[in-house]
Amino acid sequence: APPTFFGADSMRRTATLVSILSLAALGAAVGPAQAGPAPADNETRATAFSDQEQDRALEFWTDARLNSAREMAAPAAAPKAPAVTSSATDDGGPRLSVPPVVFPDAETTAPATDETPVSTLASEPKPWKRGGLISRTAGKVFFENAAGDLFTCSATVANSRNKSVVLTAGHCVVDARTGEVFRKWIFIPGYRKGERPHGTFTAKKLFHLKSYVSSQVNANWDVAFAALRKRDGRPLAKILGGAQGIKFNAPTGRYVHSFGYGGSRAEGNGERLNHCQGTEHRDLGRPGSTMWGIDCVQTGGSSGGAFLAEFKADKGVGVLVGNIAVGTDVSEYRPRLGDR
């Protein structure tokens with residue numbers, strides 16, 4: 001049976017829910033397999049990397065190559081993309097809530113010298129200066145495509161049983177036009193101005209929805225996860241002092257916060273973590289869209305960054321409900337984390 005996310009309340013769920021939440025299948029198995037919906041490999045694609053490939057990725061990403069990576073922007077849908085009749089992220093299925101985890105020895109409060117208030121303008125990204133867990137669990141990812149071009153996106157550590165999972169965007173994992181999964185994929189938590197304060201982590205496996213490719217870049221499915229290699233036997237969340245929570249089939253239309261490494265000059269050229277906040281609204285600009293967003297514009301490089309509900313700014317702790325996927329001139333949107 002594929003492994004899964006789990007939290008205190010999810011252990012009371014049935015084996016059916018465990019198998020439904022197939023894209024989230026990145027930790028250890030909760031229990032014995034039982035009859036239920038299609039297994040994960042019918043809905044998702046998992047791409048594994050050997051230890052040798054991961055070692056080469058670590059050697060490859062020198063500071064010079066980090067600096068040369070371009071911000072990945074959301075691709076446009078293919079002109080003849082298949083019509084969308086349903087969405088992997090439609091709600092209506094069972095809800096699964098995985099709480100955030102903060103380890104006792106972690107320092108999650110803002111620095112005593114930093115009295116910067118939370119941004120009051122939802123429509124303009126602001127530098128995040130309050131520290132807390134988000135300043136460590138948010139980070140940048142870097143990868144190479146088949147042509148040898150180097151790109152960067154954002155990602156966030158999500159609580160899971162193996163404590164080594166990040167949420168990002170589908171277009172930061174796979175080229176939906178070709179099905180090519182990106183290589184030399186690394187995550188740098190807490191990235192700031194080229195610094196790697198907590199080290200560099202390589203992807204053991206990348207997971208994306210097959211529907212993102214078969215639909216030819218439909219953003220409803222623009223979600224992905226990475227399972228990362230441990231360092232010295234310690235999982236990512238243990239090294240960072242915690243992980244953000246995550247919810248599937250969560251309520252929509254709530255007040256949320258978003259975080260990303262946008263590449264514009266106003267956002268610090270991708271060298272700092274930026275923050276937005278606001279009340280979610282439906283994406284009415286794309287036919288068949290099931291996405292939700294806020295009035296904020298973070299640019300290329302913020303793709304894959306967190307949408308967090310129930311966010312406690314003084315601790316930097318919240319619950320992931322999606323990732324930055326696409327934007328307009330005034331809003332940014334996230335796919336819903338649903339049954340797949």
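This is a predicted model: local features need pLDDT of at least 70, side-chain atom pairs count only at pLDDT 80 or more; totals for chains, interfaces and linings use all residues.

Q: How many disulfides does the structure hold?
A: A disulfide is a covalent bond between the sulfur atoms of two cysteines. The criterion here is a pair of cysteine sulfur atoms within 2.5 Å. The structure holds two disulfides. One joins C153 to C172, with S to S at 2.1 Å. The other joins C276 to C296, with S to S at 1.9 Å. Counting bonded cysteines along the chain, the pattern is 1-2, 3-4.

Q: Where does the pair C153 and C172 sit, and what is the handedness of the link?
A: The link of C153 and C172 is left-handed, with -85° about the S-S bond. The pair links distant parts of the chain, 19 residues apart: C153 is in strand β7 (residues 150-158), and C172 is in the loop between β8 (165-168) and β9 (174-175). Helices (H or I, at least four residues) and strands (E, at least two) are DSSP runs, numbered from the N terminus.

Q: Are C153 and C172 buried or exposed?
A: Buried means under 20% relative accessible area and exposed means over 50%, with partly exposed in between (1.4 Å probe, protein chains only). C153 counts as buried because its relative accessibility is 0%. C172 is also buried, with a relative accessible area of 0%.

Q: Which parts of the chain does the pair C276 and C296 tie together?
A: C276 lies in strand β17 (residues 274-279) and C296 in the loop between β19 (292-294) and β20 (306-312), so the pair ties together parts that are 20 residues apart in sequence. Both C276 and C296 are buried.

Q: Which strands pair with β12?
A: Strands of a sheet pair through backbone hydrogen bonds, either parallel or antiparallel. Here two strands pair if DSSP finds at least two bridges between them. Strand β1 (residues 44-48) pairs with β12 in the antiparallel sense over five bridges, and T47 stands opposite L206 in β12. β11 and β12 run antiparallel and are joined by two bridges; the bridge partner of F187 in β12 is F201. β12 also pairs with strand β13 (residues 224-228), antiparallel and over five bridges, where A203 stands opposite L228 in β13.

Q: How many residues of β12 are buried?
A: Seven of the nine residues of β12 are buried, so the strand is largely enclosed by the rest of the structure.

Q: What is the order of strands in the open sheet, and which strands stand at the edges?
A: The open sheet has four strands in the order β18-β19-β23-β22, with antiparallel pairing. β18 (281-282) and β22 (326-327) stand at the edges, each with a single partner strand, so one side of each is left without a neighbour in the sheet. β22 pairs with strand β23 (residues 332-334) in the antiparallel sense over two bridges, and V326 has Y333 in β23 as its bridge partner.

Q: Which residues of helix α2 are buried?
A: In helix α2 (residues 51-60), Q54, A57 and F60 are buried. Seen down the axis of α2, these buried residues fall within an arc of 120°, so they line one face of the helix. The arc is that of the directions from the helix axis to the C-beta atoms. What covers the buried residues includes α3 (63-68), β6 (138-144), β7, β11 (183-189) and β12 (201-209), where contact means heavy atoms within 4.5 Å.

Q: What is T168 in contact with?
A: T168 lies in strand β8 and counts as buried at 0% relative accessibility. Leaving aside neighbours within four places in sequence, the contacts of T168 include S154, A155, V173 and W185. The side chain of T168 reaches the backbone oxygen of S154 at 2.8 Å. A polar contact is a pair of N or O atoms within 3.5 Å; within protein, one must be able to donate a hydrogen and the other to accept it, and residues adjacent in sequence count only if both atoms are side-chain atoms.

Q: What is the phi of K163, and what is that of N249?
A: K163 has a positive phi of about 60° although it is not a glycine, and K163 is placed in the loop between β7 and β8. Phi of N249 is near 55°, a positive value in a residue other than glycine. N249 is found in the loop between β15 (245-248) and β16 (255-260) and is buried, with a relative accessible area of 2%.

Conventions. Residues are numbered from 1 along each chain as its sequence is written. Side-chain values use heavy atoms; hydrogens and water are left out.
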